[in-house]
Amino acid sequence: MVNADACIARQSPAIDRIRERKINMSDDNIIIDATTRIFQDLCDPQTITNAPDDSWKAPLWEALEESGLTQAWTPDDLGGAGATIVDGFDVLRVSGAFAVPVPLAETLLAGWLLSKAGLIVPQGAMTIAPARAGEHLTLGDDGTLAGEARAIPFANEAEKIAVIARRGESSVVALVDRASCGIAEGNSLAGEARSTVRFDGIVPEEVSDPVEGLDEESLVQMGAAVRAAQMAGALQAILDISVEYSKERVAFERPIGKFQAVQHNLARLGGEAAAAIAASGSLADTIGRADGFDDQVFLEVASAKIRIGEAAGEGAAIAHQAHGAIGFTAEHILHRFTTRLWSWRDDFGSESVWAVRLGEMVASRGADELWPLVATQ
Amino acid sequence: MSSAIQFDPIRLPPEAEALRVEVRAFLREEIDAGTFDPVTAPYREGFNPEFSRRVGDKGWIGLTWPKKYGGQERSFLERYVVTEEFRAVTAPTRVHFTADRQSGPVLIKYAPEHIKMDILPRITRGECCFCIGMSEPGSGSDLFAASTRATKSDGGWLINGAKVWTSSAHVADYMIGLFRTSASTEENRRHGLTSFLVDMKNTPGITVNPINHMTGFHEFNEVVFEDAFVPDDNVLGEIDSAWKQATSELAYERSGPERFLETIYILTELVRTIGDKPDKREAEGIGRLVAQLHTLRRMSVSVNGMLQAGKEPTLEGSIVKDMGTQWEQKLPQRARELSAFVDENIGNRANFDELLRFATMIAPKLTIQGGTTEVLRGIIARGLGLR
Ligand SMILES: Cc1cc2nc3c(=O)[nH]c(=O)nc-3n(C[C@H](O)[C@H](O)[C@H](O)COP(=O)(O)OP(=O)(O)OC[C@H]3O[C@@H](n4cnc5c(N)ncnc54)[C@H](O)[C@@H]3O)c2cc1C
């Protein structure tokens, strides 16, 4: 066994410095500042790593609800905070930078889905279904749901599940009490629930009118965009943690960050983080301005999920390498980020899934349409 | 977070998109008229004075420069669109590109007025080709080891020594070169170099010797100086202090679309070769490449937008060049893998194979020219606070 206390003592000054810093993308952003403050106070990765139990969870969730952040994507008239789409993605990026282990992203997504369909958005933790391209649920004439959805995030903690289901030719959004669903629990690499949820025979609490221009595909694209933002935040965090650690950890009588091999690895990590920041920022902006889920949104979603998924794999490997053994311990915070990066890659379609879809789209449009597709905006 | 890497989601303004339409129409006409063929252009020389003159007539060289020097005072984002559209079809821009990107802006900043009034309008008309004289046999990545001397003489300077790898020196009208005017000092090893404008066509004592690429191409050269006289007016900036002048232009030079589009033709032709019914492996491969390209372009547009807004994204610019050149270097290999099972008799297969051979051959240079990968990563590491 390593001496955990000694290890943590050795790396804590770096962590402290990171803790004090602000997530700072668009300067003077009140929402980003407020979000950062809540996570600094109540969701500090080292504190959570050291915590003997889950007692940090309730105060964190309360603070998030009180601040309106859990309802950022819900308009005022449906019970929400009415922040913009881009604000919501900012919040999610910050949450990724703290490896936030509560269903904030899923609740935002559920709020977005419900309010798109004009349903009142309840308080409390929520999740969504389905979460994979190609899966669908149906709502029968008798008012009961049928079907199952796999890899549903935080199905164990959510009070409600916002689902999109097919009723005849059209799509409806429904609100389901999680307790009434059949759940086969599964876990992500970060130990968060990714469960299979069975909806057969369940009568939803609310059902919307048929919604135009919204289907399972919209939800999967929005979910992929959410994970892209979280991954970008987590990549920024592991870059910062790795740079700080490399300045402090001494080997062969100098900080390891003075070795060129280490510098070049971290420069590559910087590049991966940069790609993630650029791709997720562009995606958020595109969704924020788009009317629906058109080809341009598809290109942005697919590109971001593919490229940031790749960055997650590359970036996590480099961050671990820079940390040596300490980064491989349960006591260190690095795994809070890397395990989430690995698992977020798979949510709402992996790189491979999206790449096949994007490749098929490009091929069907033909060689001469490739450049015009890319060279827009 | 702290790393402060920033990529604002910059969008091209409507005037840039309007310009794109014009540029595409112009290029279409040139291609139809037989000026160049995108499918063979990669292994042609790319030196076409008539074409450059027509580009100049359009006002697309020196687009961002002051009007009094022949420019249009338009934005960097408009220039971005012109550059990327030209690159996407491998248009022959060798005459004007270096002057447009680098040399013109240096002159605007450091040359005396009468030189600006003389040379800049000629650049914008597409009549003036520049080369860059930095590297020497004993000085590559370590630019500050340059030893080619400029010694003070009556009314000017006498240059002695040699530059190497000087692209286009054999066709260039001018060189902007870095020469040693004093020894470096204990405190500052970068001290002692001065930037000069050299007239390549009318200066006795300059010999240009071709050096062929491994592809057989003649693009770069050795340039030998023997008592070549350069007048005092041609000193660009402060004597002995050229090192101070380099930094701010770097972001422009590093983040342009030319940093990831040099082998783009191979992706276009790969899509054509594979056709509209790719299998899963081919589709995945194309999808990843397009996602990577799209992301690079977003990064590059973002850096250029931040520059336009008066920010100094030096770190971001170096990242774009490092990642862009890595990508374009690997592209031929990926295309080779993905095309492995395509029928050899299919439509453009012969073209594709020829382009692939060429792209494979030129790939090594992509991460060397304009600053090596290792040098860039050193700069990025400094930006991250590690040096
Ligand atoms: C196609 C092409 C066109 C060019 N055109 C021009 C031109 O027009 N004008 C001009 O002036 N130059 C030009 N160059 C030269 C180019 O700028 C140099 O090749 C480049 O700067 C590298 O210098 P070098 O070739 O001397 O390699 P070196 O500096 O000798 O480097 C060799 C290897 O060592 C590595 N290395 C060097 N120093 C370090 C270090 N401190 N840490 C880690 N690794 C290190 C390098 O990264 C590289 O991998 C051109 C080059 C090419 C390939």
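**A tour of salt bridges and one buried leucine**

Begin by selecting B:Arg79 and B:Asp100, both of which are buried, a word that here means under 20% relative accessible area, with exposed meaning over 50% and partly exposed in between (1.4 Å probe, protein chains only). The model is a predicted one, in which local features need pLDDT of at least 70 and side-chain atom pairs count only at pLDDT 80 or more, while totals for chains, interfaces and linings use all residues. Residues are numbered from 1 along each chain as its sequence is written, chains are lettered from A in the order in which they are written, and side-chain values use heavy atoms, leaving out hydrogens and water.

B:Arg79 and B:Asp100 form a salt bridge, with their closest N and O atoms 3.1 Å apart; the term stands for a side-chain nitrogen of Lys or Arg within 4 Å of a carboxyl oxygen of Asp or Glu.

Next, select B:Arg288 and A:Glu310, whose side chains meet in a salt bridge at 2.8 Å, N to O. B:Arg288 lies in helix H9 of chain B and A:Glu310 in helix H9 of chain A, so this pair joins two chains (helices are DSSP runs of H or I with at least four residues, numbered from the N terminus).

Then move to A:Asp368 and B:Arg272, which form a salt bridge with the closest N and O atoms 3.0 Å apart.

Finish at B:Leu376, which is found in helix H12 of chain B, residues 373-383, and counts as buried because its relative accessibility is 1%. Beyond its neighbours within four places in sequence, B:Leu376 is in contact (heavy atoms within 4.5 Å) with residues including B:Arg254 and B:Ser318.
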